[in-house]
Amino acid sequence: MFKLVSDYKPSGDQPEAIASLVEGIKEGKRGQTLLGVTGSGKTFTMANIIEKVQRPTLVLAHNKTLAGQLYAEFKELFPENAVEYFISYYDYYQPEAYIAATDTYIEKDSSINDEIDRMRHEATKSLLTRDDVIIVASVSCIYGIGEKEDYLSLALMLETGLEIPMDNVMAQLINMQYTRNDFDLSRGCFRRKGDVIDIWTPDSEHTLTRISFFGDEIDKISYVDAVSGKTEFTKDYIELFPASHYATGRAKLNTAIDRIEAELEVRLKELRDAGDMIAAYRLEQRTRYDMDMLRETGFCKGIENYSRHIAGREAGEPPCTLMDFFPDDFLMFIDESHQTVPQVGAMYNGDRSRKEMLVQYGFRLPSAFDNRPLKFNEFEQRMGQTVFVSATPADYEKEHSEKIVEQVIRPTGLLEPEIFIRPVEGQIEDILSELRAQKERGDKSLIMTLTKRMAEDLTDFLKKEDVRVTYLHSDIKTVERMQILNQLRNDEIDVIVGINLLREGIDLPEVSCLMILDADKEGFLRSERSLIQIIGRCARNDHGKVILYADEVTDSMMNAVSETNRRRNIQKEYNEAHGITPKTIKKAVRDVFDIVSENSKDTSGNKSRGKTSKKGGIDAARLINEGVSGGTEEENNKLIDKLTIEMTKAAKDLDFEKAAEIRDIIIELKGKK
């Protein structure tokens, strides 16, 4: 059973939203929308719905960072249940491509994150063995991961007392794509020592499955720590799943090779008849080499391009994805649906256009087209009962929702900011006046422009007027971006000028004034939906306000202002009825490089707190304020080793932004060696 564990109870309009959405789910409504403003506790509402409905759930997010935040929150709310994480396991991914104009072939290159790969295996295993499962996933869940039927058919069930020769067990493990390694055991490997087989399953973090034999009989099944070898617990029964989602039986693989060869002959004839002998030669050499590898080892580089044949699907049939591992009655939440839904829809076309060049010029067979994400209509067919979650639902959600439920009351009592519309003429003088007033109050400000050039020019002008200001746009590196945001919070600067500063995820409670230039220039950054999102992000301060500079009031502006004022009035009435006084959120300023020192221990076991310890702690403050210094090669190597450990830990903790920041420092250090 799903069991929600929290010290908090639903408040504000959360109880009504929960009851209404649960009712809609039980009535069989296929689509509903939770229109929840920033800070209203949408994740807590989702958790309460899951507990009341008691169904396996897929929570879909539009990027890894948001997915990581949701995973951490659900993990805390459901400590007794299987909360899993499923995102792309690539730290780096360069897809295979061909550029005809320059005759340039780009080979696939990638770096797989071992921890995320483990969590993906843990997710599919939980879905096949438990009912109390919540999977938080990015849009990678619409990509093929191998056939569910093959994955299940290759599973190995063992129990104590079962008579089976050790050699047979090892042969089955190899068939499941495990690798025998008696010296250096790692995930997806096994070893034999006397009458014992140790298996490191792909879903296990640090525990080995130990199968002890007495002759040809399984005497004991135990779980042991991979490092210490200490037995953690024993079981009478174990179900082992393949080491790869793409594992398949030998008979099916042989059939796939025959199908690949048949397709190759047809395609070679087409190319030769068209007079493209170079493409025909290239395709034949590559494909026959791949077939030889499949016959010998059961694997080849780029095996995913033959997935249609290996699965036995016909041309055009959708691939098997994570969604196929769910039971038919699963529940889906699409978070930030106004961004996630369009992203899902765009995946197929981008993949298709890249592969057309590869197929046309003989780098891949046409069947490579079927190694693809789901088309949007295929995704819709697999969605099941869905709740769209967004502060600004798009037309798609509105059209496909049988019920729209609002959640616009913040438990903190904070109101939407006041909005003022002012003319463009004299806006620079007005901005200066506002900034000086903000400075006197000790508050911070943000200014949004439409172009990078405008942001830089305005910043230069304000600096001449003795304003502590800097600009922020996409040309600024990740490390610098986080430094600039912290400089604002630490009172080192008063103003940031940028283009899209308040996108989802940036939380700056010190900011009480947001100024938007060219608010009447219709477009993506000044659409009704974008304006509402931007204005809502400024609702962290109890006296927040937004100033729109425009020569005319566009429909987008009018609708955004009207909707914001409506939400503001609802919150104000709730505050008055319940005696709530809004207060600015107080949030500690955490250094972006705290991850370098936090939780890292020196040789004496004492935690470093950002200072250089006698035992070799890392001076995080120096890295921020002075940049990466060029020490001796030995000093740099030591620092790189320590930073690499912290980067790995950050990735393991799903804090990918901090991991990326540390990675950038490592790259800079390596450049100075």
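**Close-up views of the predicted model**

**View A. R364 is a buried residue, with a relative accessible area of 5%.** Here buried denotes under 20% relative accessible area, exposed over 50%, and partly exposed the range in between (1.4 Å probe, protein chains only). The structure is a predicted model, in which local features require pLDDT of at least 70 and side-chain atom pairs count only at pLDDT 80 or more, whereas totals for chains, interfaces and linings use all residues. Residues are numbered from 1 along each chain as its sequence is written, and side-chain values use heavy atoms, with hydrogens and water left out. D290 is likewise buried, at 4% relative accessible area. The side chains of R364 and D290 form a salt bridge (3.7 Å, N to O). This pair connects distant parts of the chain, 74 residues apart: D290 belongs to helix 8 (residues 277-297), and R364 to the loop between helix 10 (337-360) and helix 11 (376-382). A salt bridge requires a side-chain nitrogen of Lys or Arg within 4 Å of a carboxyl oxygen of Asp or Glu. Helices (H or I, at least four residues) and strands (E, at least two) are DSSP runs, numbered from the N terminus.

**View B. R352 and E356 form a salt bridge through their side chains (3.6 Å, N to O).** Both residues lie in helix 10, four residues apart, which is about one turn of the helix. R352 is partly exposed, with a relative accessible area of 30%, and E356 is also partly exposed, at 39%. The search of the whole structure finds 52 salt bridges.

**View C. A salt bridge joins the side chains of K439 and D494 (3.2 Å, N to O).** The two residues come from distant parts of the chain, 55 residues apart, with K439 in helix 13 (residues 427-441) and D494 in the loop between helix 15 (478-489) and strand 23 (495-498). K439 is partly exposed, with a relative accessible area of 45%, whereas D494 is buried, at 9%. Elsewhere, E261, E265, R272, E284, R288, D292 and R295 belong to one network of salt bridges that share partners.

**View D. Seven strands form an open sheet in the order 3-8-2-17-18-1-19, with parallel pairing.** Its edges are strand 3 (82-86) and strand 19 (403-407), each of which pairs on one side only. Direction ignored, neighbouring strands of the sheet are turned by 20 degrees against each other on average. Strands count as paired if DSSP finds at least two bridges between them. Strand 1 (residues 31-36) and strand 18 (residues 385-390) run parallel and are joined by five bridges; G31 has T386 of strand 18 as its bridge partner. Helix 1 (residues 14-26) packs on the sheet, touching strand 1, strand 17 (331-335), strand 18 and strand 19, and its direction makes about 160 degrees with that of strand 19. Contact means heavy atoms within 4.5 Å. Axes are lines fitted to C-alpha atoms, for helices over the stretch in contact, and angles run from 0 to 180 degrees between N-to-C directions.

**View E. Helix 7 (residues 250-273) has 24 residues and end C-alpha atoms 35 Å apart.** G275, which follows helix 7, has a positive phi near 80 degrees.

Technical notes. Expected span 1.5 Å × (residues − 1).
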